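Try each task on the 3D view before you read on.

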Amino acid sequence: MKIDVTKYRLENGLRVLVHTDTSTPMAVVNLLYNVGSKDENPSMTGFAHLFEHLMFGGTRAVPNFDSALQLAGGESNAFTNCDFTNFYITIPVANIETALWLESDRMKGPDLSEKSLRVQKMVVAEEYRQRYLNQPYGDAMLHLRPLVYKVHPYRWATIGSDILHIEKASPKTVYEFFKTHYRPANAILTIAGNINPEKAFKLARKWFNDIAPGKSVNSRNLPAEPVRQAGATLDLFRNVPANALYRAWIVNPRASNGFHTFDMITDILAGGESGRLYASLVREKRLFTEINAFVTGEIEPGMVIVNGRLAPGVSKETAVEEIDREMARLAAGQITARELQKVRNRYASSFHMANTGVLQKAIALSHHELIDDASSINRMVGLYNNITIEMISDAVKERLNPAMASTLWYNKTDQNDATE
Amino acid sequence: MRLNNLTSKPRVRLPHIPVLTEPDVIHLKNGIPVFLFPSGNTGIVRLELTFRAGTLTETQPLQARFTNIMLPGGTSAMTAREIDEAFDFLGSFPNYSVDRDRASVQLYVLPESFNEAITLLRMVISDPVFPPEELEMHRETRLQTYLINRQRVSFISLDYFFELLFGSDHPYGRRVIPEHFGTIGRESLIGFHRLCYLKGIERITLSGNFDESSIKIVVSQFEEFPPVAAQTRPPQPFPAAEQKNKLFIEKQGALQSSVRIGRRIVGMGHTDFTGLKVTDTILGGYFGSRLMANLREDKGYTYGIGSSLFNLNLTGVQMIATEVGAGVTENALREIYREMSNLGAVRVQPSELRLVRNSMLGDLARQFDGPFASTDSYLGALEAGLSMSYFRLLEETIKSITANEIKRLAETYYNENDFTEVVAGSMR
């Protein structure tokens, strides 16, 4: 399966990607802005995500973004991460111009009213509580990031390091943020659906070409995280039913080939029910009740994280030893050809599954374009097929050794039904 | 062509709804229907079997869930670990789930591995041996997950909502407690499997990238199963409406309160149902809904609020769900009831009605976008004893319902006294 993509660039710098899929009545307009929480001031974290909310607050020309979109049968949402902010619309293809009209309109500037700012600060505060603070283990990433990163802006989570930071956002700072980051040259527009590339590009030009390029800003100058030989440990004490650990290492940046080796390593460890960690530490030895491993996958050096909940009575030392033992087996190259083929097969079919819908394809193409090049999406399966046992062993030895791991612990306190 | 101002707003066309015709169906010699949703535009094929094996048919708490969990726990020829490894090696993704009315086994797989994966899946369904050590592991791990869930206000409120709605003795309303994990035993699962899986295949769906040979494989693997057993006992009747229809469960220190407000309501086959779908959407069924506009976009009480109308075998259910800041809990409750009663008091304006019509038509098109979405939508109707005609009626209702009719439905069905309210969290 090849995902065709045609690329253009408008004079104002906006990149346009088009993917034709004739099998669906729905079209997708995806607009990715190259701004994430890594671009925030450390004393005002959570700002990129707050701004994502404000982009739905309407403009002078279109006071109600959602109504205008829903009237055309469209549906929209957005997400923000450390690296970028992504807005997407699905809409019947006959009404695709409505989506382009709305996105081009808000690229010229949302109407940043006092009320919108005040209400969205409250909404984001509730989101913070709902997803991170009012959930057992919900604040893990809020604590793990500053444990692993000391200088790089990945040290705070996208929602922000402090719920109070976004309180400080004034209409002026909000407007400055918009002017700096929400420019055509800082964005990738992807159009996907039953539309041919020439027509899609003509429409993109019609709606976006007259948007001023804006002042170009200096390229990012983010502080690199120095490689440390010794990781850190943090203990949290919480009223949770089980002890839990998060063990993390910094690994290669996304655009490097090395990244995919780490992705594959986490698949050997925890991909599917037959992953090593589950098979050995949950099913066979009954030391954990749940265990997982994954790459965070950011553009700059991200993390490999192993997280698990301990079975009753299992000591923390045992838990760490067992995880490290599994890493040591990988470092020693103890991987069978069948096991390697298994994770390749899983990658190939999950690639097909993930790219079945036109929305998923549009978002993936935009993301690949941001990393290096949209068409690199078609090289992924081959790339994973070329990862060897030796590459895995080298990567583990170089980056995933026990001394370099940082560990966050949830220690369970008294059992009663009250939270702290 | 540079007319980028308000006047250049593109003209809106009504979403094109795919022709909603019945899918092809074949019947195995045991009577089990296989519904076909072919599409060459995906590299994946999906097989799904639904069983009459939900909590409604269980005789003991957790019986339905643990039988479902334990299907891939080992067969007479393979261990759990070997089964997991075999599915993973084939690049296939099995998924086992249970709800109140039925259980489901689903498999996503590449066409080239279809034969092998389906053969494996059939063994898992027909020949599980429920090894004691595997059961022991799941009892321990699932208990821990349950204890974690029980700390979430959203879990607590939903749990008690169903208890109040259906009573603690009815399978729809019975809450699981930690002791249940200790009492669920192997014999109980074996008995449930024999009755509800071996004689419980209600239907099969095949979707995505398959061909004639895939159909032959499905036929040969599943035609030997016995037909669905006649219901052994009639479904247990609900108690009359509970006396107490408001419940507050305090969770000290909670930063948010979780709110569930709802009622038993007419089912999917009732003539009012599609109209209620529209009414429910106006209230809380899309981003621009009244509850979202009021509680989120105007007052900032919540990250999100929604209302949904769904069907169980024995009744329809209407449910409003949200998590709100602890300090504004009472205000939020008041606003929810206000929005409900407004719908019965004041006719919807034409502009809002047009918005909700178009939004729902777009949503209907999304529900039939691609083979997997189409299958899921169609199954929803089938399980209520309906067919594609339900969606045609829904489309017709969306296009033609009047403001008067919406007002009548809200007056009839949205009386605060008929609603059950559960709040878990803190009022301070």
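**Exercise 1. Find where A:Arg286 sits in chain A, and decide whether it is buried, partly exposed or exposed.**

Step 1: Look between α9 (276-284) and β9 (288-295) of chain A; the loop there holds A:Arg286. Keep in mind that you are looking at a predicted model.

Step 2: Count the C-beta neighbours inside 10 Å. A:Arg286 has 15. A residue needs 20 or more to be buried and 12 or fewer to be exposed, so A:Arg286 counts as partly exposed.

Step 3: Check the backbone. The phi of A:Arg286 is positive, near 60°, and the residue is not a glycine. Most residues other than glycine have a negative phi.

**Exercise 2. Describe the overall build of chain A and then of chain B.**

Step 1: Begin with chain A, whose secondary structure comes to 14 helices and 11 strands. Its radius of gyration is 23 Å, close to the 22 Å that the globule rule gives for 420 residues, so chain A is as compact as a globular protein of that length.

Step 2: The C-alpha trace of chain A spans about 60 × 50 × 40 Å along its principal axes, and buried residues make up 51% of its 420 residues.

Step 3: Turn to chain B, with 15 helices and 11 strands. A compact globule of 428 residues would have a radius of gyration near 22 Å, and the 24 Å of chain B agrees with that.

Step 4: Take the contacts in chain B between residues at least 6 apart in sequence: 80% of them join residues at least 24 apart.

**Exercise 3. Work out how the domains of chain B meet.**

Step 1: The assignment gives domain 1 (24-222) and domain 2 (246-425) of chain B. Their centres, taken over C-alpha atoms, are separated by 29 Å.

Step 2: Count the residues in contact: 23 from domain 1 of chain B and 27 from domain 2 of chain B.

Step 3: Find the elements on the domain 1 side. β2 (33-38), α5 (153-166) and β6 (201-208) of chain B each supply at least two residues there, and α5(B) gives the most, with nine residues.

Step 4: Sort that side of domain 1 of chain B by class: 11 nonpolar, seven polar and five charged residues.

**Exercise 4. Which residues of helix α15 of chain B are buried, and why do they line one face?**

Step 1: Pick out the buried residues of α15 (residues 403-413): B:Ile406, B:Leu409, B:Ala410 and B:Tyr413.

Step 2: Look down the axis of α15(B). The buried residues fall within an arc of 95°, so they line one face of the helix. In general, an α-helix has 3.6 residues a turn, so residues three or four places apart point the same way.

Step 3: See what lies over that face. The cover of the buried residues of α15(B) includes β8 (256-265), α9 (273-285) and α11 (329-345) of chain B.

**Exercise 5. Explore the contact between the chains, then follow it to B:Ser359.**

Step 1: Find the main contributor on the side of chain B that touches chain A. It is α12(B), which gives the most, with eight residues. By class, that side of chain B has 24 nonpolar, 23 polar and 17 charged residues.

Step 2: Zoom in on B:Ser359, which lies in helix α12 of chain B. Leaving out residues up to four places away in sequence, B:Ser359 touches A:Gln70, A:Gly73 and B:Tyr286.

Step 3: Judge its burial. With 28 C-beta neighbours inside 10 Å, B:Ser359 counts as buried.

Methods. Residues are numbered from 1 along each chain as its sequence is written. Chains are lettered from A and ligands numbered from 1 in the order in which they are written. This is a predicted model: local features need pLDDT of at least 70, side-chain atom pairs count only at pLDDT 80 or more; totals for chains, interfaces and linings use all residues. Two residues are in contact if their C-beta atoms, placed from the backbone, lie within 7 Å. Helices (H or I, at least four residues) and strands (E, at least two) are DSSP runs, numbered from the N terminus. Ala, Val, Leu, Ile, Met, Phe, Trp, Tyr, Cys and Pro count as nonpolar, Asp, Glu, Lys and Arg as charged, and the others, Gly among them, as polar. The arc is that of the directions from the helix axis to the C-beta atoms. Domain bounds come from an automatic or database domain assignment. The radius of gyration is taken over C-alpha atoms; the globule rule is 2.2 Å times the number of residues to the power 0.38.
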